[in-house]
Amino acid sequence: MSITPVSEAASSPATSVFPADALYIESLDIEAQGIAHRNDGGDEPDAKGKVVFVEGALPFEVVSANVNRRKNNWEQATVTAIHRESSQRVRPACPHFGLHAEACGGCKMQHLEPSAQVAVKQRVLEDNLWHLGKVRPEVLLRPIEGPSWGYRYRARLSVRHVRKKGEVLVGFHERKSRYVADIKSCAVLPPHVSAMLLPLRALIASMDAIETCPQIELACGHTSAGEVVTALVLRHLEPLSASDLAKLRSFAGLHAVQWWLQPKGPDTVHRLDEQDGTAPLAYGLPEFGIDMPFKPTDFTQVNPHINRVLVTRALRLLDVKSDERVIDWFCGLGNFTLPLATQAREVLGIEGSEALVARSRENANYNAQRRAAPWRPLAPTRFEARNLFELAPADLVGYGAGQKWLVDPPREGAFALVKALADCVQMPESAPGYVLPRRIVYVSCNPATLARDAGLLVHQAGYRCTAAGVVNMFPHTAHVESIAVFERC
């Protein structure tokens with residue numbers, strides 16, 4: 001990518017020093033593409049021509065771009081020259097990031113200053129809430145931010161033996177490709193994991209199973225003393241030889257990791273050696289006196305630093321009183337449920353995965369048994385497994401009223417849940433006597449489904465969206481995590 005310097009006088013996108021086909025970048029979309037319009041919108045002063053999505057361009061830049069794809073209403077292009085550069089453009093920290101051939105596709109925003117990334121995500125959240133849900137939050141919450149590098153404690157690394165190169169690759173996929181990127185380091189992985197990429201390549205290359213190990217899943221946790229625990233889950237399509245197992249054990253001892261093996265589906269994951277000297281995986285929520293043991297294939301947040309702040313803010317916004325019953329929908333392994341149990345009278349956690357419900361019960365027992373002064377005992381806490389994508393008003397009645405709700409769904413959102421709640425309002429005969437929650441805190445990993453659900457809560461269930469804001473769980477990616485608060489009118 002070349003950058004053409006221009007003079008200070010060239011401050012307007014219409015300045016004649018720019019090439020005739022130059023594009024003025026107006027904003028950034030959810031995929032971190034610059035948005036511009038062609039100058040073919042007609043004679044009206046405010047008319048805009050065809051929209052152009054430009055990879056590699058930032059807001060307020062003037063660029064030239066090569067069009068890769070054309071449709072009737074839009075084009076997709078890649079920046080080829082920057083004639084006026086954004087003040088928010090920075091040098092990427094990772095040599096594998098960029099628009100060049102074989103660039104790593106793990107990050108999309110390393111060329112944008114981190115605080116500006118957060119501003120873009122805030123705008124995406126606001127736009128989705130308004131355009132998809134016709135909802136405007138009364139207050140915009142201050143974004144939750146944390147470390148921009150070395151934060152990714154969970155990752156799924158692809159493994160491939162490339163015969164033409166005569167080497168094994170371990171990492172993320174290339175940008176817009178099914179091929180594995182040839183990365184030798186990764187700035188968003190913890191430094192000790194980044195330093196392990198080349199040794200992992202050498203390890204797989206030395207194994208008999210060089211062709212049949214397509215994936216390594218990473219999970220990091222902490223001991224109670226704050227030391228990092230690193231687990232690697234090796235997916236292998238054929239049984240491993242005695243020689244390969246010996247090599248895994250040698251690698252584990254050298255790099256202080258624990259190996260888990262996955263010969264088939266997720267339910268086949270097991271530890272290579274139970275007594276390998278490493279501590280169990282866990283993460284802490286010290287503000288609540290909670291420790292959360294987990295297995296490497298359990299769902300946990302990628303960024304533990306942000307998760308701690310997120311849990312604290314969610315509970316502060318929910319403002320649970322000691323005489324209130326709280327329901328935690330999509331509770332997972334109890335990430336919000338157990339902190340809620342330090343404040344409420346009673347907590348119910350509901351989750352679709354039987355395995356996660358079992359883990360949440362184990363975590364509740366573990367924390368209840370070890371809890372001591374000055375912490376108050378955990379409130380009575382119950383967990384249930386059920387399909388949360390199929391709910392009716394009668395199901396809400398069956399679970400009983402909760403004065404407060406915490407909702408933390410996957411990307412698909414919580415449509416069935418909020419639709420059932422709205423039906424309780426629109427058709428009260430379907431849930432006679434049901435008392436709706438006074439406040440709902442909704443944690444989302446998809447602004448589009450949050451906006452859809454917010455529209456139902458506000459326009460059909462009688463709630464106000466009193467606050468919303470972004471959570472920068474995944475710096476340098478286009479992923480938008482957010483939190484919203486709904487109050488019963």
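In helix 7 of this predicted model, the residues Leu356, Val357, Arg359, Ser360, Asn363, Ala364 and Asn367 are buried. Seen down the axis of helix 7, these buried residues fall within an arc of 160°, so they line one face of the helix. The briefing below continues with this helix and then turns to the domains and the strands.

**Helix 7**

- Helix 7 spans residues 354–370, and its 17 residues reach 25 Å from the first C-alpha to the last, close to the 24 Å expected at 1.5 Å a residue.
- An α-helix has 3.6 residues a turn, so residues three or four places apart point the same way.
- The cover over the buried residues of helix 7 includes strand 15 (290–293), helix 6 (337–340), strand 17 (346–351) and strand 18 (381–385).
- On the other side of helix 7, Glu354 and Gln369 are exposed.
- The N-terminal end of helix 7 is capped by Ser353, of which a side-chain oxygen lies 3.3 Å from the backbone nitrogen of Ala355.

**Domains**

- The domain assignment of the protein gives domain 1 as 23–89, domain 2 as 129–146 + 308–488, and domain 3 as 154–271.
- Between domain 2 and domain 3, the C-alpha centres lie 35 Å apart.

- An open sheet with mixed pairing is formed by six strands, which follow the order 9-8-10-11-12-13.
- Strand 9 (167–171) and strand 13 (270–271) stand at the edges of this sheet, and each has a single partner strand, so one side of each is left without a neighbour in the sheet.
- Strand 8 (residues 154–162) pairs with strand 10 (residues 215–222) in the antiparallel sense over five bridges, and the bridge partner of Leu157 in strand 10 is Ile216.

- Strand 4 (residues 33–37) runs antiparallel to strand 5 and is joined to it by five bridges, with Ala36 standing opposite Val52 in strand 5.
- Strand 5 also pairs with strand 7 (residues 74–84), here in the parallel sense over five bridges, and Glu55 stands opposite Thr78 in strand 7.

**Ser64 in strand 6**

- Ser64 lies in strand 6, which covers residues 62–70, and its relative accessibility of 12% means that Ser64 counts as buried, the cut-off being under 20%.
- Apart from neighbours within four places in sequence, Ser64 is in contact with Pro19, Asp21, Thr78, Val79, Thr80, Ala81 and His83.

Key: Residues are numbered from 1 along each chain as its sequence is written. This is a predicted model: local features need pLDDT of at least 70, side-chain atom pairs count only at pLDDT 80 or more; totals for chains, interfaces and linings use all residues. Side-chain values use heavy atoms; hydrogens and water are left out. Domain bounds come from an automatic or database domain assignment. Helices (H or I, at least four residues) and strands (E, at least two) are DSSP runs, numbered from the N terminus. The expected span of a helix is 1.5 Å times one less than its number of residues. Buried means under 20% relative accessible area, exposed over 50%, partly exposed in between (1.4 Å probe, protein chains only). The arc is that of the directions from the helix axis to the C-beta atoms. Contact means heavy atoms within 4.5 Å. A polar contact is a pair of N or O atoms within 3.5 Å; within protein, one must be able to donate a hydrogen and the other to accept it, and residues adjacent in sequence count only if both atoms are side-chain atoms. Two strands pair if DSSP finds at least two bridges between them.
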